[in-house]
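Me: I'd like to learn how to read a multi-chain model step by step. Could you take me through this one, starting with how its chains are divided?

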Amino acid sequence: MAIEVRDVNKSFGTTPVLRDVSVDVASGSLTALLGPSGGGKSTLLRVIAGLEHPDTGTVRISGVDATRLSPQRRNVGFVFQHYAAFKHMTVFRNVAFGLEIRKRPKDEIRRRVMELLELVHLERMADRYPSQLSGGQRQRMALARALAVEPEVLLLDEPFGALDAQVRKELRTWLRRLHDEVHVTTVFVTHDQEEAIEVADTVVVLADGAVEQVGSPSDVYDNPANPFVMRFLGPVTEIGGSLVRPHDIEISTEPRPGGDEASVTRVVRLGFEVRVELLVDGREAWAQVTRGTAEQLALAPGATVHVRPTPGARSLALTGA
Amino acid sequence: MAESGTIDTSTVDTSTVDTSTGTTAQNGTRGVSRYVLRVIAVGYLFFLLVLPVALIVWRTFGDGLGPFVEALTSSSALHAFQVTLVVALWAVALNTVFGVGAALLLVRHDFPGKRLLGAFVDLPMAVSPVVVGLALILLYGRFSPVGGLLESWGLQIIFSTPGMVLATVFVALPLVVRSVVPVLEELGDEQEQAAHTLGASRFQTFLRITLPGIRSALAYGVVLCLARSLGEYGAVAVVSGRLVDQTQTLTLFVEERFQNFDQPAAFAAATALALLAVVTLLLTRLLRPKD
Amino acid sequence: MSVETPSRTAPPPRAGARRRRRVSGGTALGLGSAVLYLSLIVLIPLALVVVRSTDEGLGYFWKAVTTPDAWAALTLTIGASAVVALVNLVLGTLIAWVLVRDRFPGKAIVDTLIDLPFALPTIVAGLVLLALYGPESPLGVNLAYSRAGVGLALLFVTLPFVVRTVQPVLIELDKDMEQAAASLGASPFQTFRRIILPNLVPAMLSGTALAFTRAISEFGSTVLISGNLPFRTQVAAVNIFSQIEGDNTTGAAAISTVLLVVALVALLALDLLQRWGSRRG
């Protein structure tokens, strides 16, 4: 294991932010810490980096107990949400910083920095200052800076949080490809479930300072451990006392075993998809069907239909709901 | 009397400030009121600040540069220059080290009593320079236990350079702190944390990240502190004993020469100090943190 | 001088700013040094002034403060400072207004000049004022050795306070508000009175309080122009100075204590004002 977090507790004042958190991160993996804001994921990342000290519990990095080590001795790369670019240094000097601190020979620093700048496509920006870069370029510079010291693990705090939607998508795919090239154990924090599912190979879902579930992206999406995870990972609706994904609802004109009668209240076309709003047993629900299905069933407001979860689809019984 | 001055202005000064740019043409009444306000403001400043200072400069250089140079190169004047410089440099050095340290404490550290420390740092601004002098005499004067003890070790504070340094440190104490604090706050600690994760020690982080980040604010504070130190009069007047050719600073020299009816020397030294003040103004203008 | 660096504004809330850190060894060392430095130079000496003032009992303290010349100096100082603070309130705001809202050639120079009283040594300020408004005045205005002369000196040294506190607030003031008021039918004067002025009041009062505390403690600029006539033009600081020269440190300490208390009350009022302002803002 590259990172082993054991029974970590942490409070700010009287507010607990991490509660008995234990997480393992496999060597060479790309792990997402996913959760709503205020769920403790950034704090967990900062605890791993040594920027926060846990009240109780331990952190091991590459098998070494790092709980009492200061950040500068942990050899982690940390990429801050707002990049934390050294404003008074050029891009080159920013990336070279860690190597200069380690007193590497000048020519080695030069070679390594140019190598990294090429990797992040900033080789022509070496002499610019951070203020002359775009948000995405600054982010890539911060990444190169963190990678320069050949860290044991790379930690990214909401790496794309401050970027606009388009750049965000580009950087996501790029980060995935970069990880496949560099193979450094990487942990990143995000509140965007799409981002986590697309980029990570392991997803850790955190809420209210506790780990809700750990698994592969398809695992947490298809087999959520509890209603919270199911709701957080994607759209859900409720029929027959169970949480179901709207695309896992089967609509038919004829009654079927296990089905409920429902009346259509509204049909919204969203391009290829159609959103069908329903009233089942006096409760609102909705289903996502293809345009073909909608036309075939002639769905229109007021129509009476029968709905049930697609056989084999994952649903979660809600107790006491 | 200030009012009478401004009323004079509105008649005298109209010709000098008639250049209305008129970029945003207002209706008639607003245009007039704007003009009136401008004349009052500029006139007040002209009679309160510009004219008095200009008059001294004119009187000093009225007979050419010769008398000015002569007055400032007398042995007393040169000695006063030297004392002023020594005292000011010590005070600036001490307050710079303290100022940066205290600013870091106030912004980057949490501890009980932080607000109180901030209030204590600002306290010297509320104290009359004369009271500063008295306070230092009470602690470090020859007849106090502390002053007596120090004197028995051969260290004289009051009526000597150390006392003048202490007095100057006191009056200029908040300047560096208060210049650096807002910039440190705005800078945030993320860059410092980034440096830590890249392996930099606390000291390396301070030298390579924090110091460059605050350098213009620090320079601004140091310039303010230097100007205040060079120009301090009241506190130094009390603790120095005003011994001509011994503890006389430039400001004390101005007063002593004037009282002894040596106007040319007093005016020359005052002009020199005023020129320093103008240089200070221009420097702070350049260094002022941009909003 | 606090005007130059608006100090008491709370830092912007940053993510995790409320993090509680333990008082580490480094913090303790730094804090210890800072407190030692402040104590040796500021706190202990000032405490000794207060202690010394009551050295010979409260009766003596009261007697020292109410000797005719000391009492005259104190009332003159506080009265003149109040008047000067009020003049600053009006003219300082007016100057800030002109500097922010008006445009004319040379405005940048005028703006720079505002700080001149901060940069100019007080004794030089007194000397230049005496040269223009003294017995040899080329304008024929002689204010030397008069209370008006004292007021003039105080006006000179306190000029920047109100201007420099009001100016940034005026710059930040949202023009949309004024345009909204105008669109609702308010005249320029009504807009000023009902929209602009209420937003400026906290800053105006802060600047006035700062000017007042500066004025009551002023020494250097009044020395030459006032002539130091007891009962007429002698301000409190000068009175303290002459008592120190006359080796009456207890009397000097008593008047010093009064000045300190008045200044602290003014600053306390200022602090309350600023909290009031930030709550509204």
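Reply: Gladly. Domain bounds come from an automatic or database domain assignment. Keep in mind that this is a predicted model. For chain A, that assignment gives domain 1 (3-228) and domain 2 (235-317).

Me: How far apart do the C-alpha centres of domain 1 and domain 2 of chain A lie?
Reply: The C-alpha centres of these two domains of chain A are 41 Å apart.

Me: With strands to sort out, where do I begin?
Reply: Start with the pairing. Strands of a sheet pair through backbone hydrogen bonds, either parallel or antiparallel. In chain A, one open sheet has six strands in the order 6-7-8-3-9-10, and its pairing is mixed.

Me: Which strands of chain A stand at the edges of that sheet, and why is one side of each left without a neighbour?
Reply: Strand 6 (76-79) and strand 10 (210-215) of chain A are the edge strands; each has a single partner strand, so one side of each has no neighbour in the sheet. From one strand to the next, the twist averages 15°.

Me: Which way do strand 3 and strand 8 of chain A run, and how many bridges join them?
Reply: Strand 3 and strand 8 of chain A run parallel and are joined by five bridges. To find a point on this pairing, look for Leu33(A), which stands opposite Val189(A) in strand 8 of chain A. On another flank, strand 7 and strand 8 of chain A also pair in the parallel sense, over four bridges, and there Leu155(A) has Val187(A) of strand 8 as its bridge partner. Strand 3 (residues 30-34) of chain A pairs with strand 9 (residues 202-207) of chain A as well, parallel and over four bridges.

Me: How should I read the side chains along a strand?
Reply: In a regular strand the side chains alternate between the two faces of the sheet. Strand 8 of chain A shows this: Thr185(A), Val187(A) and Val189(A) point one way, Thr186(A), Phe188(A) and Thr190(A) point the other way, and all are buried. With six of its six residues buried, strand 8 of chain A is therefore largely enclosed by the rest of the structure.

Me: Which helix of chain A lies across strand 8?
Reply: Helix 1 (residues 41-49) of chain A lies across strand 8 (185-190), and also across strand 3, strand 6, strand 7 (153-156) and strand 9; the helix runs at about 150° to strand 8. Helix 4 (residues 135-148) of chain A packs on the sheet too, where it touches strand 6 and strand 7, and its direction makes about 170° with that of strand 6.

Me: Let's turn to chain B. How many helices and strands are there in chain B?
Reply: Chain B has 13 helices and zero strands. Of its 291 residues, 51% count as buried. Its domains are domain 1 (2-62) and domain 2 (68-287). Six residues from each of these two domains of chain B take part in the contact.

Me: And how do I read an interface between chains?
Reply: Ask who touches whom, then which elements and residue types are there. In this model, 78 residues of chain B are in contact with 78 residues of chain C. Helix 2 (residues 28-61) of chain B supplies the largest share of chain B's side, 18 residues. That side divides into 54 nonpolar, 14 polar and ten charged residues.

Notes:
Residues are numbered from 1 along each chain as its sequence is written. Chains are lettered from A and ligands numbered from 1 in the order in which they are written. This is a predicted model: local features need pLDDT of at least 70, side-chain atom pairs count only at pLDDT 80 or more; totals for chains, interfaces and linings use all residues. Two residues are in contact if their C-beta atoms, placed from the backbone, lie within 7 Å. Two strands pair if DSSP finds at least two bridges between them. Helices (H or I, at least four residues) and strands (E, at least two) are DSSP runs, numbered from the N terminus. Axes are lines fitted to C-alpha atoms, for helices over the stretch in contact, and angles run from 0 to 180 degrees between N-to-C directions. Ala, Val, Leu, Ile, Met, Phe, Trp, Tyr, Cys and Pro count as nonpolar, Asp, Glu, Lys and Arg as charged, and the others, Gly among them, as polar. A residue is buried if 20 or more other C-beta atoms lie within 10 Å of its own, exposed if 12 or fewer, and partly exposed in between; C-beta atoms are placed from the backbone.
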